[in-house]
Amino acid sequence: MPITKTEKIWMDGRLVDWDDAKIHVLTHSLHYGCGVFEGIRAYETDSGPAVFRLTPHIKRLFRSAKIYMLDIPFTEDELIEATKETVRASGLDSCYIRPLVYLGYGEMGLNPLPCPVNVSIAVWPWGAYLGDEGVKHGVRMKISSWQRHGVNAMPPAAKGTGMYINSSMAKVEAVKAGYDEAILLSPQGYVSECTGENIFVVKDEQIFTPPVSAGALEGITQDAVRTIARDLGYSYAEANLVRSDLYTADEAFLSGTAAEVVPVRSVDDREIGEPGPVTRRIQEVFHDAVRGKVDQYKDWNEHV
C-alpha cells in the first residue's frame, strides 16, 4: 500500500519536513539490518485522536533495543511525548505510527557497538492492512515453506528490522501463490505466528494461541484480545498448536496493530468459512474499544 506523505517526521529530538527526513547511504542499519521498531495506531475518538496503548508499545521498543544492545538516547517518556507531538503535527484524526531505532552513519563492520543510535517517528494514513474484504469476510492463509527463526538463532521477542526478511519471504511466497497471508512454523513444527500478526484458533468456544516459546512475538494487540476474550467469558490459553489444529478449527483469526482483528477464512485450502460468532464478537468489542466507546478499556487510549 503506497505511503501517503504527511507534514513532519520526528528525528532525533526535532520535527523535520517529510522530504528532509534523510539518512546517509552508509547508515549502518541499511547494511546489516540492526534496528528495532514498533507499529502503533492512533484512532479518532469523540475526544480527538488517541494512540492505542502507546506506553506499552514504547516499553516494548525499549525491551527490543535492550535485546539488541542498542542504547536509545531518549527516555521512554520522551518518546511517548515525541509520538504525540508527531501525531499532532500531522493534523490527522487517525494514523499509523512507526517509531524506529537504528544505527546511524559513522562506523562500518559487523561490530555495531561504536555506531551512533538514531531515532525517528513517522506517521501517515494507513487503512486495513489485509484489506476491507479480509476484515469482513476473512483471509486465505498458506503455511509457509519458510520457518520462523529459532529462539537461539534470532530473538523473536524483539521487533528487529533485519529479522523481518524472514516474514517478507513468507509473505511473497504466499501472495505469489494466490493467498493473502502466510503462517510460519517453528523449527520444532509448531505454529508460531503470521508474517506480522499473532494467530488464534477457536474450538468449542475456547481460544488458543501459540506461546512465545514457539517463536511468537508477545503482541500488544494480542494482549488486548486476551483481555476482551476473558471479559466476554471465553476460555483463553496459550498452547503449542500444529497445522492440523488450524485445519480443524471452528474459527480462526489474527491480531496485530496494523491488521487489527482479522478473521481467517481458510488455511492451505481447508475451508473454515465466514467469520464465526466468537471472532465477530471480539472484532466488535475491539473496534469500539480503540475508539474510546467502551468505558472499561478507555485507559488503552492515550490522547494527543
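**Notebook: cysteines, a buried glutamate and a helix pair**

I started with cysteine 34: its sulfur is 8.4 Å from the closest cysteine sulfur, in cysteine 115, and that is too far for a bond. A disulfide needs the two sulfur atoms within 2.5 Å. I note that this is a predicted model. I then looked for disulfides in the whole structure and found zero.

Next I checked burial. Cysteine 34 is buried, at a relative accessible area of 13%. Cysteine 95 is buried too, at 2%.

I moved on to glutamate 197. Where does glutamate 197 lie? I found it in the loop between strand E10 (191-194) and strand E11 (198-203). Is glutamate 197 buried or exposed? Its relative accessibility is 2%, so I wrote down buried, the cut-off being under 20%.

I listed its contacts, leaving aside neighbours within four places in sequence. Glutamate 197 touches Tyr129, Leu130, Glu181, Leu254, Ser255 and Ala259. I also looked at glycine 219, which is 22 residues from glutamate 197 along the chain. Their C-alpha atoms are separated by 8.0 Å.

Last, I took a helix pair. Helix H6 covers residues 220-231, and helix H8 covers residues 277-290. They pack at an angle of about 115 degrees, with axes 10 Å apart. H6 and H8 are therefore roughly perpendicular to each other. I logged their crossing as right-handed.

Which residues meet? From H6 I noted Thr221, Ala224, Val225, Ile228 and Ala229. From H8 I noted Ile282, Val285 and Phe286. I sorted the residues of this contact into seven nonpolar, one polar and no charged.

Terms used:
Residues numbered from 1 in each chain as written. Predicted model: local features only at pLDDT ≥ 70, side-chain atom pairs only at ≥ 80, totals over all residues. Heavy atoms only, no water. Axes fitted to C-alpha atoms, helices over the stretch in contact; angles between N-to-C directions. Helix = DSSP H or I, 4+ residues; strand = E, 2+ residues; numbered from the N terminus. Parallel < 35°, antiparallel > 145°, perpendicular 65-115°, else oblique. Left-handed = near helix turned anticlockwise from the far one by under 90°. Contact = heavy atoms within 4.5 Å. Nonpolar A, V, L, I, M, F, W, Y, C, P; charged D, E, K, R; others polar. Buried < 20%, exposed > 50% of the residue type's maximum accessible area, 1.4 Å probe, protein only.
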